[in-house]
Amino acid sequence: MTKETSKKKNGTQEGRIWAHKDLLALKDLSAREIELILDTAESFKEVSQRSIKKVPALRGKTIVNLFFEPSTRTRTSFELAAKRLSADTINISKSTSAAVKGESLLDTAKNIEAMNVDAIIIRHEAAGAPKILADAIAPAVINAGDGAHEHPTQGLLDLLTIRQKKGRIQGLEVGIVGDILHSRVARSDIWGLTKLGAKVTVCGPPPLIPAGIEEMGVKVTYDLSEIIRRVDVLITLRIQLERQKGSYFPSIREYARFFGIDNEKLQGAKPDILIMHPGPINRGVELSPDIADGKYSVILEQVANGVAARMAVLYLIVGAQSEEE
Amino acid sequence: MTKETSKKKNGTQEGRIWAHKDLLALKDLSAREIELILDTAESFKEVSQRSIKKVPALRGKTIVNLFFEPSTRTRTSFELAAKRLSADTINISKSTSAAVKGESLLDTAKNIEAMNVDAIIIRHEAAGAPKILADAIAPAVINAGDGAHEHPTQGLLDLLTIRQKKGRIQGLEVGIVGDILHSRVARSDIWGLTKLGAKVTVCGPPPLIPAGIEEMGVKVTYDLSEIIRRVDVLITLRIQLERQKGSYFPSIREYARFFGIDNEKLQGAKPDILIMHPGPINRGVELSPDIADGKYSVILEQVANGVAARMAVLYLIVGAQSEEE
Amino acid sequence: MTKETSKKKNGTQEGRIWAHKDLLALKDLSAREIELILDTAESFKEVSQRSIKKVPALRGKTIVNLFFEPSTRTRTSFELAAKRLSADTINISKSTSAAVKGESLLDTAKNIEAMNVDAIIIRHEAAGAPKILADAIAPAVINAGDGAHEHPTQGLLDLLTIRQKKGRIQGLEVGIVGDILHSRVARSDIWGLTKLGAKVTVCGPPPLIPAGIEEMGVKVTYDLSEIIRRVDVLITLRIQLERQKGSYFPSIREYARFFGIDNEKLQGAKPDILIMHPGPINRGVELSPDIADGKYSVILEQVANGVAARMAVLYLIVGAQSEEE
């Protein structure tokens, strides 16, 4: 609790510098820092493919998953990443937490901090919740998705997947299709992609494209066929009915008709287009089943890269601290 | 994901062969394969009785418990088995999983596979769900109970318990009493016992004995007193009211009166009869309390053997893979 | 299961003796035994502040958290304590347990015992539940809170915190304010403090002070200002609305007005008074926010000491057993 909340740390790759206590948003990172994470992730990808999938980098560290929204893949991915680095993990979900007794988020976090943990991975429905924690406590805070703000490790795994498949990010044309308004994935993807030099176009039903999104450095189109002909990568977003408070489009069926990707709509696409999705997929809505499982899809590579990207983040944030001390 | 889904593996005992990627059903195994698991389990029983209850056999392996139905003993037993083999374990239960977001079972499994896990232990209300997974993904799939189909590790721990207490399975008379119709335990017990040469008789209220059960190689009786006089082992099944959709018997009280085992009904039984139950017991229904806790009961030995049997299964399926690579 | 349920064990500090299989209540311990735990906890405090927060003391031991009531801090604190001692941990909560199938507590415990676990940490709404288990099973049973009876590790961490801050317990004046009637924390604190020689006064609305509490060796007052002027330590209790069946006080607002601690009420207190609270705090009820976070508050030290106290308990109970064998 007495540690300073911001400290300089050394990354391990070629003397490049990792200088953040927390990972809250890709908006906060430089291109060089994002590339450091991606390079570190590359070196960890191999660990998950070994027979003995474990390195001792974070032995004796304690990492807490504090999830206020349900999640299989993100929580499991972080938990696996931590375990493959030999850290101890503790899971706290909303239903079992003191939240049911009315405790404030900050009190919960300060209590976890008092137990001398090294990192708290938080998912919360309120945008900005991870930042509030990060400013208040000494352990590293890693944002696993906060409202419609950011989901930075999803952005990182998307970048990692694109870089592996295309050999570069710089200069690529990337389309992001769907509910841009409510999507933290879209925000993290946009920040990461534009920082690394990709040209991003967002596309969706007009009510789901936020006004002023162009200020993030992206183009906007409402015409799916236009971007399909042009892009190297098409990131489709999950329609999250559970997060929509108003009625932004007439029906799922109509959404699928105009924005769902199927073989017919992919006529005219580049022959090496990548189709991505953060999952879980609503089959027949965002993607037809043959596209979800087809040759353009790299959805399962995204999942595999998620573990590697999270190992890299935990290693750079929690591990570097250890080397200093 | 590119591994073939069926592979030859070597067991470790006397050159005998373990040749399955998955454990879905005792129906699929030969007597020799079942005996290999039982022999391996014997050697693991001792580990759980040590002061340091841990061997490094599966260090660096990742084992996922994917439970779509609530369970204390089976989930805990598998988790302990995995940890005593030094594997990393991840628990995913229905309430926390993406199932609440409507993701298909297969998409959930393919996502878990993409994280490079070594085995998925699945419990599911639908018979056949583990088989669907096993055919679709590379990691080992272990059935922890699927609908009214099979619960193979329960069958194995029952066989292990009988073999330890009686010195053999071959030639024993075994009665299975209760709701045969809905019982995956009964099916796994019948396959395992008959393959190893026991003579099995099932007994219960007529509506709870499935038509054609004789084709599994068992006899049928509706007269409890007849088999009690004859059997070496009496396996009582749990009345699972939560799984019964119709009204198969008039009342719990009537069931207990005709099929509940108590001291009076055990008059005329062999003096060394074994009374078994997969738990959790409905005391006063399937068994009177004095029988559940009495000299014939081996119910807690069954629980202890469950950890050993599951260690054996995980070791043969996940560990042998490791030795090959 | 065949081990005797009560055994002599050696503590590790200066030949002092730890002689209990279980930790059920501070009422059961001598002053010397409590001090042994506190001294052991001191030596473990340092482990949680290391970069590698782990010692191998309980490697290969299995510790089960069996929680029938929701809890963040206590469950997490025990889980961390066990992991920092290198034990394997299994979490069983009410919602996932066989309790939903109607199994008795004793059958659940006997099943867990049959899996050869070393300790069961139990929280239960019924006072006395841990004692029933402890008498019935061989593994160590550690009470993590039972109804309104005791919460001994909370008492120990409170003692540890007071001893660290004040250098002693003997002769201190300690006030306990709030709902004494329903508080297991108050009972454990009273037993621990009085055994170590502190003078305890309880204070609260008359309906929340149990008749005959003076027999525990404490004084009673209904006048908060009187004890505030006198005490070295003021332990405030959580108002647990969820546990109150009748209407013992008119309203939260009125409680806060008369018994909530704020700067105004602390006028006249000793300049080095300690303000404690077991958490989670109802801010603005038991404590004003500036007091909760202010210079007198040692609430987060209590949390940190909770891990150390629980490591000590697990080490003395589970570890000493290991050394014998």
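Chain C can be laid on chain B by a turn of 120° and a shift of 0.0 Å along the axis, with an RMSD of 0.0 Å; this superposition is by least squares on the C-alpha atoms of residues with pLDDT of at least 70 in both copies. The two copies are thus related as by a three-fold rotation axis. The model is a predicted one, in which local features need pLDDT of at least 70 and side-chain atom pairs count only at pLDDT 80 or more, while totals for chains, interfaces and linings use all residues. Residues are numbered from 1 along each chain as its sequence is written, and chains are lettered from A and ligands numbered from 1 in the order in which they are written.

Within chain A, domain 1 (9-150 + 306-324) is set apart from domain 2 (152-303), with bounds that come from an automatic or database domain assignment. Their C-alpha centres lie 25 Å apart. Across the boundary, 23 residues of domain 1 of chain A are in contact with 20 residues of domain 2 of chain A, a contact being two C-beta atoms, placed from the backbone, within 7 Å. On the domain 1 side, two or more residues each are given by α1 (31-45), β6 (140-146) and α10 (299-324) of chain A; helices (H or I, at least four residues) and strands (E, at least two) are DSSP runs, numbered from the N terminus. The residues of this side divide into 13 nonpolar, five polar and five charged, where Ala, Val, Leu, Ile, Met, Phe, Trp, Tyr, Cys and Pro count as nonpolar, Asp, Glu, Lys and Arg as charged, and the others, Gly among them, as polar.
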